[in-house]
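Thanks for coming. I will go through one model this morning, starting with terms and confidence and then moving to individual residues.

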Amino acid sequence: MTVAAGIGYTLLALGPSLSLFISVIAKKPFLILTVLASTLLWLISLIVLSGVWRAFLPLKSTTWWPYAILIITSVGFQEGLRVLLWRAYKRLEDILDAFADRVSKPRLFLTDQMQIALAGGLGHGVAHAVFFCLSLLTPAFGPATFFIDRCAQIPFFLVSAQIALAFVTIHTFSMVIAFNGYAQGNKVDQYFVPAIHLVAGMVTLVNFASGGCVIGIPILYLMAVLTLIHCGKMVFRRLTENRSRQGNFQ
Amino acid sequence: MESSILESIGTEMIGVMSPVSICMLLVVLLVYTLSSSSSSSSEAAIRTAANLVYQETSTDSPTEKLEGALLNALVFVIFITLITFLLVVLYYYNFTNFLKNYMRFSTFFVLGTMGGSIFLSVIQHFSIPVDSITCFLLLFNFTVVGVLSVFSEGMPIVLRQGYMVCLGVIVATWFTKLPEWTTWVLLVALAIYDLVAVLAPGGPLKLLVELASSRDEELPALVYEARPTVSQNERSGRSGLMLLVGGVSDTRSVELQALSRGSADGSENHRNLEYTAVHVENVEHERDSEVERLPLVGHLFREGFLSSDGSSSEYSTVVDNRENEIVVEEETSPLVDMMELGDEREQGGRRDGRENDIIVDKGIKLGLGDFVFYSVLVGRAAMYDLMTVYACYLAIISGLGCTLILLAVCGRALPALPISITLGILFYFLTRLLMEPFVVGTATNLLMF
């Protein structure tokens, strides 16, 4: 029974990413490598951040403002990293295109570019879920559960799995948005991503209030849905543009 | 729409990474289930070659532990070096059969006793109702098939790869029973040993590899081959038929085994010319055993593969095809025939692309030792926390990736342990010391970003 609960929490946090992985990523080895690389990058960013913040830990869990600073710096750092990732991706795209020319295969399609972005985002998201939620789930496989005082209605594991799911969604699709924004020089998309990330991070501060998770989690999911809608619209727009352009060529 | 290049890049890397991942996953699961059950009972100290000198107890001071661990690692590495040199000497004087039989024996021993004991503890832990005779029969069958699959040619490659992973899991699970300090020092020592043994002039592994390649023989050692299985080719579009043929040739009757293997191998050669260099050795090797049985085909194969050795892959394809047709005629299987033709066409377009691919014209082989020690690291990390497991896994896999890229750049045998082990240990301690308090501190306050 408890094992079932543990697996349930895991699937709650990672189920959508798992299906995404199997349906899109797993067929193309290169995308798997992208996911791994991006997961590693996120892990490194987390280690650097924790190295910086290690001196100030443990923070008092009564005051909230040190945590606010922590979130702002972390989000800032990770968004900076995203720009770096974009540069690396640009170079990679050139290499891949050159390679495709050499083997006389078509260059990267628009869908391929988006899939690479998706794989990059998925890596970030999965890393987030794994380190913030899954690694704390070990006790959930045992014969007990755990509640924290501020959110006494729901078990801690369930809450963290829910939050992780929201963040996985945000991370995964904001990478697609960001890469498209950079590629097209679209300022709105470029600023949309850090804004969503920061707001989502700040929303988790609501959990500090007693019983705050009841409000915090819906807002977080609002953010996730917003990201999804924006990403879907943008992808649809670009695909139709692309198709009409191809239609003009022929 | 033509398939994009995303589908063809990195196949080889994934082909190596996925068995390593599976091996690590199994070890972590085993360590998790078994360590939780045996923690209550007094840990029976095992004595192996790895802790001959010093037996770690938790009451010792850190300096004592460190000294003892260093001594243990030193003894173990010296031991391994001696064994490897012995192997080189035996191989140099052509005791190949002895070596192979020794490998078979040790496989039997590992699967039977070490695997058996793990099997028993799993049965105990989950209290599976099995009587001793059934258990013995199962274990014996498992072991015998494993021994047969190690060096004999009639076995499907999937089975062989599966058993390699099994061996890795079993040995690694045993190694995780070593005391903590000894494990860490031992891993570092082995990484350094691997570096020296493969790269330094006169290093035993270097000698062994060079000897094997100069003789055009398979290495008489337990090595995982990432030769793509038939089913792995599914994604490249011509899957359905290929899968069918593969399925047919795997389930043929015993008399036809050698024959159908021949045809399967031939088509495999076709499909992945980047594997030719290594592959030719294998096939050549197999031919020897087949010659008596099939003089005609054997002869043809011989011709075909000798000529295909160099860069004239186009020619080899033709010869290949011809002999495959002969085989096929005997089997009266029109499917195979069709496949060959289709393949030839496909292959012309693919060839030059494949050669420029990340991995230069060699099948990737990974020693079983690498499997074992990656898994030992992850298994040891699993005894601390899940977080360290994930970090170590990522570090090791990325290290493996770096090694594979280096392999493509250098084009020679490389040690697979040093980069991965260094990264793994680094990430383990970084995670344990820096990241864990940070993440636990924020996550238990339901803060995430």
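Residues are numbered from 1 along each chain as its sequence is written, chains are lettered from A and ligands numbered from 1 in the order in which they are written, and side-chain values use heavy atoms, with hydrogens and water left out.

Chain B, then. Of its 449 residues, 52% are buried. It has 16 helices and two strands; helices here are DSSP runs of H or I with at least four residues, strands are runs of E with at least two, and both are numbered from the N terminus. The accessible surface of chain B is about 19,700 Å², and 68% of that belongs to carbon and sulfur atoms. These areas come from the Shrake-Rupley method with a 1.4 Å probe, and for residues only the protein chains shown count as cover. A contact means heavy atoms within 4.5 Å. Taking the contacts in chain B with a separation of 6 or more, 77% are between residues 24 or more positions apart.

Now confidence. The model scores ipTM 0.89 and pTM 0.76. pLDDT is the predictor's confidence in each residue, from 0 to 100. Chain B averages 68, and 63% of the residues score at least 70. Where pLDDT is low, the predicted coordinates should not be read in detail.

Next, the core. A nonpolar core is a set of buried Ala, Val, Leu, Ile, Met, Phe, Trp, Tyr and Cys residues joined through side-chain atoms within 4.5 Å. The largest one has 174 residues, and the members touching the most others are Leu46(A), Phe131(A), Phe175(B), Tyr374(B) and Phe449(B). Helix α5 (residues 156-184) of chain A gives the most to this core, with 17 residues.

His171(A) is also in helix α5 of chain A. Is His171(A) buried or exposed? His171(A) is buried, at a relative accessible area of 2%. Leaving aside neighbours within four places in sequence, its contacts include Trp42(A), His124(A), His128(A), His197(A) and, from chain B, Phe449(B).

Another buried residue of chain A is Ile217(A), with a relative accessible area of 9%. Ile217(A) is placed in helix α7 (residues 213-249) of chain A. Beyond four places in sequence, Ile217(A) touches Val159(A), Gln162(A) and Ile163(A).

On to the rings. Rings of Phe, Tyr and Trp (its six-membered ring) pair if their centres lie within 6.5 Å; planes under 30 degrees apart are stacked, over 60 edge-to-face, and the rest tilted. There are 19 aromatic pairs over all chains. Phe142(B) and Tyr163(B) have ring centres 5.2 Å apart and planes at 40°, so this pair is tilted. Phe142(B) is in helix α4 (residues 132-151) of chain B and Tyr163(B) in helix α5 (residues 157-175) of chain B, so the pair ties together parts 21 residues apart in sequence. Phe142(B) is partly exposed at 29% relative accessibility, whereas Tyr163(B) is buried at 9%. In chain A, ring pairs link Tyr9(A), Phe146(A), Phe156(A) and Phe157(A) into a cluster.

A charge sits over a ring if NZ of Lys or CZ of Arg is within 6 Å of the ring centre and within 35 degrees of the ring normal. Lys177(B) lies over the face of Trp174(B), 4.2 Å from the ring centre. The charged end of Arg432(B) sits over the ring of Tyr384(B), 4.0 Å from its centre.

Last, backbone angles. Most residues other than glycine have a negative phi, and most peptide bonds are trans. Ser127(B) has a positive phi, near 40°. Ser127(B) is in the loop between α3 and α4 of chain B and is exposed, with a relative accessible area of 59%.

Technical notes
Predicted model: local features only at pLDDT ≥ 70, side-chain atom pairs only at ≥ 80, totals over all residues. Buried < 20%, exposed > 50% of the residue type's maximum accessible area, 1.4 Å probe, protein only.
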